[in-house]
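This report describes one protein model from its overall build down to single residues. The sequence and structure come first.

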Amino acid sequence: MSDMNGLNDKQGEAVQCTEGPVLLLAGAGSGKTRVLTHRIAYLIDQGINPYHILAITFTNKAAGEMRDRVDQIVSYGAESVWVSTFHALCVRILRRYIDRLEYENNFTIYDSDDQKAVIKTCLKKLNMDPKQYPERMMMAEISKAKERFVSPQEYDREASGQFRKMQVAKVYNEYQQRLKQNNALDFDDLLYKTVELFQFHPDVLEQYQERFQYIMVDEYQDTNHIQFLLIKQLAAKYRNLCVVGDDDQSIYKFRGANIYNILNFEEEYPEAKVIKLEQNYRSTANILKAANGVIANNEGRKEKALWTKAEEGDKVHFSLYDTEYQEAEGVVKEISRQHKNENRAYNYFAILYRTNAQSRIFEEKLLMHNIPYKIIGGQNFYGRREVKDMICYLKVIENGMDDMSVRRVVNVPKRGIGATSIDKMQAYADTYEMSLLDAMFEASNVPGLNRAAAKVESFTNLILDFRDMLKEGVFLSELYDAVLEKTGYWDELLAEKTDEAEARMENLTELKNKIVKYEQEAEHPDLAGLLEEIALVAEVDNVEESEEKVLLMTLHSAKGLEFPCVFLGGMEDRLFPSGMALNSDDPDAIEEERRLCYVGITRAREQLYLSAARQRMMHGRTDYNPVSRFVKEIPKDVITMNGNGSFAVRRQEQAAHEARESLNRKSASVTGKPYSFGNTGGKPAFGKEFKVERLQIDYGVGDRVRHVKFGEGTVTELVSGGKDYEVTVEFDKVGVKRMFASFAKLKKL
């Protein structure tokens, strides 16, 4: 039975509003998972068959947590509710119906390394220089096209007259053909092919519309266009769609997330009911006031404000250090102090930062203080060479059409089958329109293979032996042991007798642990199911709460997590918000950075420490940047700034100004001229010499001005540079710009 006790009024309303479209604006820490699970239970209580309920989340961890909670509160039928990630949902649908799109149902799912290898092959075939068209760039362009649900043919039409895009179109087309030949899909294809299946086979769509009469989508602000299309297709018949999200936490634009999916939900579904969940159950009142103060400066958002019944708690701490090394030392010393004096476990603390590069100095200081730590977002376990090798062996056993996996393992361990022999067999396969593995089965017929044919035959016999084992019904873990043994992979590592080889053997043992666990937990364990589960694992799911280590991660990786004490470092303009955002012509760039700051602040339950450095080494040079605008947006009554109120911020701004003046003075003492940010000679390096007369300007620091391109803004700094001024303006729409006054032609308002 669904128990409504413990839900606040808004949560209760959200649970009981079951018919028609519903938008739940769920602020950080507002108990949205609790609402979703109780909503599922309430639907079942109201007589809805659990078979008709679908709940979609973004990570395996979130799906697992929701599944566990539903099992706890629903006494009957919980196992029939479909709780899934987008990708897992699509895999299940495609495993059943992808033959309608002329694929085999045992398709392989390619990861980014596999994709890169295919792109490399395409570039080679098309005689395109990978230096001009890097594989990663091509992968990104193709991914963006698929997220927009644009086919290779449509992309080619869009590219008309644009040479570079026309080249991308050729690669996109060749890439998709090769995936089809290999009976493989990449991650974007999982969604693309499902939407395509529904579009061209309405009978399949109708079957799933009947199946999923009540649909719930978590983290809706993170959905991209193709996910929006998929949900729109499934919900079109019954329109019982409940989306849960927070536009203030939309931080994945770089991955294709479209904030307008949530902002325009009521335009897509005019009859939608909107419910705001604003009561926070995570953070103290002061932390929430800080978060509200920052995010209120964004224009592209739905109005809401978090509040709590919890105590005010500590004020937000802001510290300004001389250098990034002193900043890291200060953070680590505070962690050490609390650990020793207040008996805080190390997993009580998290250090968050804007860019991965910032972790290095924190790591060094933690090591010096003998404090255990873990970085979230390191190399994925399944991306390690030896693990990837074994997975590719399993893929070849399962799907002989997967040419990329065949290429990877045919000479691993070394069997004397070189690249030239593989190319000859590939040419044979292309000529007779067969897979590479099928060509290998006919190695004796391949021209010019000679002695290598016997070695190839030895490899194909191994694959046949492994397939026979599967037919005989052996456990997957036994098959895995056989692959390690019969290929000679394990013995080769054993013979190395190095620390690296030992670490690789430990990884292979850990992979076996995964296989055994899958066998124990899966209802009908098979090789396709194992490979599918491995393909869908996400790195963020690997955060072990029981480990007593300080966690280090980027703000993007921290999304969805929470910690008692959070340190947020590098709070300086041009680092956070990033210089790219400040220089962008896209007005949403700064707003996305501010949403990221809001996410960082709301990760903290009890304590929040912000820090900045007066000077920081970036890109090989020392930068002097003012304290982040986001610090200044925090209400003064909830933040302590080095114990001196706003003095620290003013001091940092003065330091940045003095650093610029110091550069001028040093340059003048040597050359007799102020520091130049361009050509250092007396005349231009090329073209006509020009002179700039001493300007008379009618504006100063703090004045409002207008620029012909950037619009209106506030002057934040003026630096005299001989005959001209360097003026810094914080524009309302595009952030901070530095310009020479003679060229800026600013008009005082």
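A residue is called buried when its relative accessible area is under 20%, exposed when it is over 50%, and partly exposed in between, with a 1.4 Å probe and protein chains only. The model is predicted, so local features need a pLDDT of at least 70 and side-chain atom pairs count only at pLDDT 80 or more, while totals for chains, interfaces and linings use all residues. Residues are numbered from 1 along each chain as its sequence is written, and side-chain values use heavy atoms, with hydrogens and water left out.

## Overall build and confidence

Buried residues make up 54% of the 749 residues in the protein chain. The chain has 31 helices and 21 strands; helices (H or I, at least four residues) and strands (E, at least two) are DSSP runs, numbered from the N terminus. The protein chain exposes about 34,700 Å², of which carbon and sulfur atoms supply 49%; accessible areas come from the Shrake-Rupley method with a 1.4 Å probe, and for residues only the protein chains shown count as cover. A contact means heavy atoms within 4.5 Å. Among the contacts in the protein chain with a separation of 6 or more, 73% are between residues 24 or more positions apart.

The average pLDDT of the protein chain is 86, and 90% of the residues score at least 70; pLDDT is the predictor's confidence in each residue, from 0 to 100. Over residues 643-648 the pLDDT is below 50, and this stretch has 6 contacts in the model beyond near neighbours in sequence. Residues 666-693 also have a pLDDT below 50, with 26 contacts beyond near neighbours in sequence. Where pLDDT is low, the predicted coordinates should not be read in detail.

## Nonpolar cores

A nonpolar core is a set of buried Ala, Val, Leu, Ile, Met, Phe, Trp, Tyr and Cys residues joined through side-chain atoms within 4.5 Å. The largest one has 70 residues, of which L89, L190, Y208, L230, L234 and L241 touch the most other members. Helix α4 (residues 86-97) gives the most to this core, with 8 residues. At least three residues of the core come from each of domain 1 (9-96 + 192-277) and domain 2 (108-182); the domain bounds come from an automatic or database domain assignment.

Leaving aside neighbours within four places in sequence, L241 is in contact with G20, P21, V22, I215, V217, I231, A235, F265 and Y269. Another core lies apart from the largest one and has 51 residues, among them F459, L476, L493 and Y518.

Helix α10 (residues 202-211) has V204, L205, Y208, Q209 and R211 as its buried residues. Seen down the axis of α10, these fall within an arc of 160 degrees, so they line one face of the helix; the arc is that of the directions from the helix axis to the C-beta atoms. The buried residues of α10 pack against β2 (53-57), β3 (82-85), α4, α9 (187-200) and α11 (225-235).

## Backbone details

| Cis peptide bond | Omega |
|---|---|
| V412 to P413 | about -10 degrees |
| F576 to P577 | near 5 degrees |

P413 lies in the loop between α18 (403-409) and α19 (419-431). P577 is in the loop between β13 (563-568) and α27 (579-583).

N183, a residue other than glycine, has a positive phi near 50 degrees. N183 sits in the loop between α8 (163-181) and β5 (184-186), and counts as buried at 1% relative accessibility. N370 is not a glycine either, and its phi is positive at about 55 degrees. The loop between α16 (359-368) and β11 (373-375) holds N370, which counts as exposed at 67% relative accessibility.

N286 is found in helix α14 (residues 285-295) and counts as buried because its relative accessibility is 3%. Leaving aside neighbours within four places in sequence, N286 is in contact with E312, G313, D314, K315, V316 and V638. N286 and W307 are 21 residues apart in sequence and 9.8 Å apart in space, C-alpha to C-alpha.

Q607 is in strand β14 (residues 604-618) and counts as buried at 7% relative accessibility. Not counting residues up to four places away in sequence, Q607 touches I287, D314, Q338, R344, Y348, P564, C565 and V566.
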